[in-house]
Amino acid sequence: MKVLLINGSPHKQGCTWAALCEVAKPLQAAGIETEIYHIGAAPVGGCVGCGGCAKTGECVFGGPPAEALQLVKDADGIVFGAPVHYATAAASMLGFMHRLAWSGGNYLRHKPAAIVTSARRAGTTTAIEAMEKVPQFFEMPLISSTYWPMVHGSSAEQVALDAEGCQIMRNLGQNMAWILKCIEAGQAAGIKAPKPERGAWTNFIR
Ligand SMILES: Cc1cc2nc3c(=O)[nH]c(=O)nc-3n(C[C@H](O)[C@H](O)[C@H](O)COP(=O)(O)O)c2cc1C
């Protein structure tokens, strides 16, 4: 089993990375492989709804959303991490998530997801809400912890001093490991993921 942890910060080894490393610890202790994918330091734009991915199977604008697709396909669980920028999730991470979801949502479906945020001071709950929208759309069981999933600091060293934040991250990783093992046991017992009902597509126009 493998969990993909996505670092949506421009800083490869900053606060978000430090938080993801804490989440990874109990996963690894439970025998689950982990990989941190960094979306990079360059700005990542959002989805333009061009429909190109419906033909090619990946975002036609390339970049991190296309690059990460194979990792998403191979993952059993996904952790989305982002710093807070202007009191919400960093725009590049939202752009990444929207393009990944539009082009590869079926590879997200039914995989447990977790959200992680880092901030110096404020905006974490708004960032969490913004990031939750993708897992909620793709039937991903959303893993929770002993508090809302946030750490505080301006550097990885400061995050290490946020004892409660790091504890929340470890509890998050532990819960992700537990749910993954429950799903594995369920599959071994013949329990399959439900097939969603389809067909209705109602726009609010008369
Ligand atoms: C453009 C920008 C906007 C930011 N806005 C906020 C903010 O609204 N609230 C906050 O607490 N920190 C804000 N910060 C600070 C970062 O969120 C914080 O230091 C975070 O932990 C950095 O994570 P990273 O090292 O993974 O990038 C901002 C940083 C940048 C670069």
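Predicted model: local features only at pLDDT ≥ 70, side-chain atom pairs only at ≥ 80, totals over all residues.

**Notes on the model**

1. H110 is found in the loop that runs between α5 and β5, where helices (H or I, at least four residues) and strands (E, at least two) are DSSP runs numbered from the N terminus. Its phi is near 70°, a positive value in a residue other than glycine. H110 is partly exposed, because 14 other C-beta atoms lie within 10 Å; on this scale a residue is buried if 20 or more other C-beta atoms lie within 10 Å of its own, exposed if 12 or fewer, and partly exposed in between, with C-beta atoms placed from the backbone.

2. Residues are numbered from 1 along each chain as its sequence is written.

3. A87 also has a positive phi in a residue other than glycine, here near 65°, and its place is in the loop between β3 and β4 (88-89). With 13 other C-beta atoms within 10 Å, A87 is partly exposed.

4. The axes of helix α5 (residues 91-108) and helix α6 (residues 124-137) come within 10 Å and cross at roughly 10°, which makes α5 roughly parallel to α6. Axes here are lines fitted to C-alpha atoms, for helices over the stretch in contact, and angles run from 0 to 180 degrees between N-to-C directions; those under 35 degrees count as roughly parallel, over 145 as roughly antiparallel, 65 to 115 as roughly perpendicular and the rest as oblique.

5. Which residues of α5 and α6 meet? On the α5 side they are L94, M97 and A101, and on the α6 side A130, M131, V134 and F137, a contact requiring that the C-beta atoms of two residues, placed from the backbone, lie within 7 Å. The residues of this contact divide into seven nonpolar, no polar and no charged, where Ala, Val, Leu, Ile, Met, Phe, Trp, Tyr, Cys and Pro count as nonpolar, Asp, Glu, Lys and Arg as charged, and the others, Gly among them, as polar.

6. H98 also belongs to helix α5, and it is buried, with 20 other C-beta atoms within 10 Å. Leaving aside neighbours within four places in sequence, H98 is in contact with G46 and C47. Between H98 and M131, which are 33 residues apart in sequence, the C-alpha to C-alpha separation is 9.5 Å.

7. Around the ligand there are 18 residues, of which S9, G14, C15, T16 and P83 come nearest; a residue is near a molecule or strand if its C-beta atom, placed from the backbone, lies within 6 Å of it. At least two residues of this shell are supplied by each of α1 (15-29), β3 (77-85) and β5 (113-119), and the largest share, three residues, comes from β3. By class, the shell holds seven nonpolar, nine polar and two charged residues.

8. Helix α1 is mostly covered, eleven of its 15 residues being buried, and C15, T16, W17 and E22 are among them. Its end C-alpha atoms are 22 Å apart, which agrees with the 21 Å that 15 residues should span at 1.5 Å a residue, the expected span being 1.5 Å times one less than the number of residues. Just after α1, G31 takes a positive phi of about 85°.

9. Helix α8 (residues 163-188) has 26 residues and reaches 38 Å from its first C-alpha to its last, close to the 38 Å expected at 1.5 Å a residue. Its buried residues are G165, I168, M169, L172, G173, M176, A177 and L180, and what covers them includes β1 (2-7), α1, β3, β5, β6 (150-152) and α7 (156-161). α8 is followed by G190, whose phi is positive, near 90°.
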